[in-house]
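Work through the exercises below with the sequence and the model side by side. Try each task before reading its solution.

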Amino acid sequence: MTEQPDKSVILPFPGPRTRPAKAPAPPRNLGLTPLSKALGPVALSPKGHWCDRCEGIWYSHFGEARCPVCGSKS
Ligand SMILES: [Zn+2]
């Protein structure tokens, strides 16, 4: 057997991880629609819908298409 250099050596990461200066803001949670709130707690998880105007996500158990915050249709 010949001696070989261990190739599985883990090299230390060069310096601390730098975060990008412009991190995108996390989307706002606009909450459930009134209709879904009226339903009460259910086993199914609500569907998230993106709202361009609020730049956030609202949730509904139904096939609603209107943001509960600004009323915009997406
Ligand atoms: Zn909205």
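This is a predicted model: local features need pLDDT of at least 70, side-chain atom pairs count only at pLDDT 80 or more; totals for chains, interfaces and linings use all residues.

**Exercise 1. Find in which sense E1 and E3 pair, and over how many bridges.**

Step 1. Strands of a sheet pair through backbone hydrogen bonds, either parallel or antiparallel.
Step 2. For E1 and E3 the sense is parallel, and the pairing runs over 4 bridges.

**Exercise 2. Describe how E2 and E3 pair, and what lies between them.**

Solution. 
Step 1. E2 and E3 are paired in the antiparallel sense, with 5 bridges.
Step 2. Lys47 is opposite Ser60 in E3. His49 has Trp58 in E3 as its bridge partner. Trp50 has Ile57 in E3 as its bridge partner.
Step 3. Together E2 and E3 make a hairpin, with 4 residues between them.

**Exercise 3. Give the order of the strands in the sheet, and explain why one side of E1 and of E2 has no neighbour there.**

Solution. 
Step 1. The sheet is open, has 3 strands and shows the order E1-E3-E2, with mixed pairing.
Step 2. E1 (28-32) and E2 stand at the edges, and each has a single partner strand, so one side of each is left without a neighbour in the sheet.
Step 3. On average, neighbouring strands of this sheet are turned by 25° against each other, direction ignored.
Step 4. For the chain as a whole, count 1 helix and 3 strands. Along the sequence, they follow the pattern β-α-β-β.

**Exercise 4. Sort the side chains of E3 by the face they point to.**

Solution. 
Step 1. The side chains alternate along E3.
Step 2. Gly56, Trp58 and Ser60 point to one face and are buried.
Step 3. Take Ile57 in strand E3 as a check. Ile57 has 16 other C-beta atoms within 10 Å, so it is partly exposed, because a residue counts as buried at 20 or more.
Step 4. Leaving aside neighbours within four places in sequence, the contacts of Ile57 are Pro27, Asn29, Leu30, Gly48, His49 and Trp50.
Step 5. Ile57 and Leu32 are 25 residues apart along the chain, and their C-alpha atoms are separated by 9.3 Å.

**Exercise 5. Is His49 buried, exposed or partly exposed?**

Solution. 
Step 1. His49 belongs to strand E2.
Step 2. Within 10 Å there are 18 other C-beta atoms, so His49 is partly exposed.
Step 3. Between the C-alpha atoms of His49 and Tyr59, which are 10 residues apart along the chain, the separation is 6.0 Å.

**Exercise 6. What is the phi of Glu55, and is Glu55 buried or exposed?**

Solution. 
Step 1. Find Glu55 in the loop between strand E2 (47-51) and strand E3 (56-60).
Step 2. Glu55 has a positive phi of about 55°, although it is not a glycine.
Step 3. Glu55 has 11 other C-beta atoms within 10 Å, so it is exposed. The cut-off for this class is 12 or fewer.

**Exercise 7. Is Pro68 buried or exposed, and which residues does Pro68 touch?**

Solution. 
Step 1. Pro68 lies in the segment after E3.
Step 2. Pro68 is buried because 20 other C-beta atoms lie within 10 Å.
Step 3. Not counting residues up to four places away in sequence, Pro68 touches Leu30, Gly31, Thr33, Pro34 and Trp58.
Step 4. From Pro68 to Leu35 the C-alpha to C-alpha distance is 9.5 Å, with the two residues 33 apart in sequence.
Step 5. For the protein chain, 11% of the 74 residues count as buried.

**Exercise 8. What share of the contacts with a separation of 6 or more comes from residues 24 or more positions apart?**

Solution. In the protein chain, such residues account for 46% of these contacts.

Technical notes:
Residues are numbered from 1 along each chain as its sequence is written. Helices (H or I, at least four residues) and strands (E, at least two) are DSSP runs, numbered from the N terminus. Two residues are in contact if their C-beta atoms, placed from the backbone, lie within 7 Å. Two strands pair if DSSP finds at least two bridges between them. Axes are lines fitted to C-alpha atoms, for helices over the stretch in contact, and angles run from 0 to 180 degrees between N-to-C directions.
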